[in-house]
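Please consider the following model, and the questions and answers that go with it.

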Amino acid sequence: MASGGVSVASLWTEVNRCGQNGDYTRALKALTKILHENRDDVTALHCKVVCLIQNGSFKEALNVMNTHSKMLGSEVVFEKAYCEYRLNRVDSSLKTIESAPEQTDKLKELYGQVLYRLERYDECKSVYTDLIRNSQDEYEEERKTNLAAVVAAMSQWEKAPTEDLGLPESTYELCYNAACSLIGQGKLTEALNKLQQAEELCRVSLADDSDMTEEDIQSELAVIHSQMAYVMQLQGRTDEALQLYNQVIKLKPSDVGLLAVTANNIITINKDQNVFDSKKKVKLTNAEGVEYKLAKKQLQAIDFNKALLAMYTNQADQCRKLSSSLQAQNPGHPRPVLIQVAQLCREKQHSRAIELLQQFSDQNPESASGIKLTMAQLYLVQGSHVTKACDVLRSIEEFKHKPGMVSALVTMYSHEEDIDSAIDVFKQAIEHYQSEQPGSATHLALVREAANFKLKYGRKKEAISDLEQLWKQNTKDVHTLAQLISAYSLVDTDKAKSLSKHLPSADTMSFNVDVDELENSHGATYVRKKAAKVVGENPPKEQGHGEVKKKKKKKKGKLPKNYDPKVTPDPERWFPMKERSYYRGKKKGKKKDQIGKGTQGATAGASAELDASKTASSPPTSPRPGSASGSSTAPASGVVPPRQQKPSSSGATRKKAPQKKKKGGKGGW
């Protein structure tokens, strides 16, 4: 009898009933009473472990198994491995599974999950393939979903070629995994269509569940929408991608891995813009448990972006700290070094940046290509180290004979007026293709460019061998033959004469060209315009009479209003007034000073007295240049010479309009 007068049998009955109802908390109470009566009851201990696992108490369950390991033995191998897996002790879980005396189906299922977490995808794929082949139960669809996830991971993270395993796409999970495989292959349009198909399948499958609200459906669709946004981002549709990413963030899904990836992708779109938003989003990547939800490459990308964000926000110490940590974790990866170099360049420390690149290049020659390209760029930024940049580029064995690299080197050497080094670059590249790909399009193109370069800089003797090689490849190439003859004319005139015999004759060189058609062609720079002819408009011309051109009528120029044909125009009328010989400047006297002073009309009486032209005793004014001839004593005619720019009135003086009388004012008119 147990304590309280309850029999052990009735307690077992209670445990059985609670287990069937899923009430594991009450079952644990009954099991505790049973173990109080008999601590060595293996069945009760096993049931207690199972109840603790069902309640999510993995650590407590693991403690029970470790405490009673001698009694439980191999009975709880699966439970122990599962608890270790759920506690993220993946390596311990793997050891527990591999030490099991027998590999049951449920252990194989767990083994596949552990291998997936450890990113050992090839072994994981073999485990699931074997399970699908040898198992027939209600979990077959889940196994196929897991296998599709393994194939997608291999495609995305290992860039492995995918093979058709005949997996269906009947569920939205299978369809989603198929889309991820297509993303890894670079088939973005097909992947986006597949994700849209997965969204439709998800909506249809969840619509049958009456307990699912629209918010629940959106939460389930969040992972699909985030992947759709990723595809759009890869396609360059960043605005649409950003909108979809923000929709996922607003839903606040419970999956911390999904939130971290979405936030990271938003940061990559922002780059060095909208830094405040990026600083808020980066907090989502630091959530607890993220490291157990994402692949190593995903975590690595997030860490790289954190370092770059620190650089963009001018947190130099934080950037150096993060990049140094990344370099310690990934000693052969060039990106942490490049981030440090970028930070040094922002601080104008180009020499220190080059030293860092050179050090990494010496330690990691297998990944030095990109590093050396960056070194060359930094040398060019400094301006006075073009030759050093060329030396660095020529040391990259992987690229030194590529046409693009040859072009860049020749351009830089030409800028430095080092023609010999430029020709040497051509020579080495031609020799490489002569031995690897003789007669290829790239080989012949390099030979032609080398010949043209030598001719451009007057090295005709050196260009002869290249031109001969080109002409032998195509004896009908007249342009190359002409260049070859021109080059030989300075070295061997007899050879030039013998080669000139191969030139085509003048008759064969003549072309039947329709000049009118050529002028009217699309590429013509000058087209002779012809007037449109109207039928029946012009009468037939008589023979012997040429076409008479119509003369345009000249319009008569307008004359000023005060123009007098009897008066000779002022020869200086085209000059500004200040540049004319008779200009004496503005008059400065009492008259100007008195204007506007005193009461209204106070100077009206004195104005006539001050007008010297109206007094009889005043001497006659001298005529202006170009005025009518007459005696020196005759008064001035009073006619202003005509001006073409601003013709004035014909009178000698200009009158003011009479002012209105002021009512009630003193001294009014």
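**Cavity and helix packing**

Q: Which residues line the largest cavity, and into which classes do they divide?
A: The largest cavity is lined by Arg394, Lys400, His401, Leu409, Val425 and Gln428, where a cavity is a set of points on a 1 Å grid over the protein atoms alone at which a 1.4 Å probe fits but cannot get out, and lining residues have an atom within 4 Å of a point. This is a predicted model, in which local features need pLDDT of at least 70 and side-chain atom pairs count only at pLDDT 80 or more, while totals for chains, interfaces and linings use all residues. Residues are numbered from 1 along each chain as its sequence is written, and side-chain values use heavy atoms, with hydrogens and water left out. With Ala, Val, Leu, Ile, Met, Phe, Trp, Tyr, Cys and Pro counted as nonpolar, Asp, Glu, Lys and Arg as charged, and the others, Gly among them, as polar, the lining divides into two nonpolar, two polar and two charged residues.

Q: How are helix 20 and helix 21 oriented to each other?
A: The axes of helix 20 (residues 335-346) and helix 21 (residues 350-363), lines fitted to C-alpha atoms over the stretch in contact, come within 8 Å and cross at roughly 165°. Angles run from 0 to 180 degrees between N-to-C directions, and those under 35 degrees count as roughly parallel, over 145 as roughly antiparallel, 65 to 115 as roughly perpendicular and the rest as oblique. Helices here are DSSP runs (H or I, at least four residues) numbered from the N terminus, and this pair is therefore roughly antiparallel.

Note on methods: Helices (H or I, at least four residues) and strands (E, at least two) are DSSP runs, numbered from the N terminus. On a 1 Å grid over the protein atoms alone, a cavity is a set of points where a 1.4 Å probe fits but cannot get out, and a pocket is an open set with protein on both sides within 12 Å along at least five of seven lines; lining residues have an atom within 4 Å of a point.
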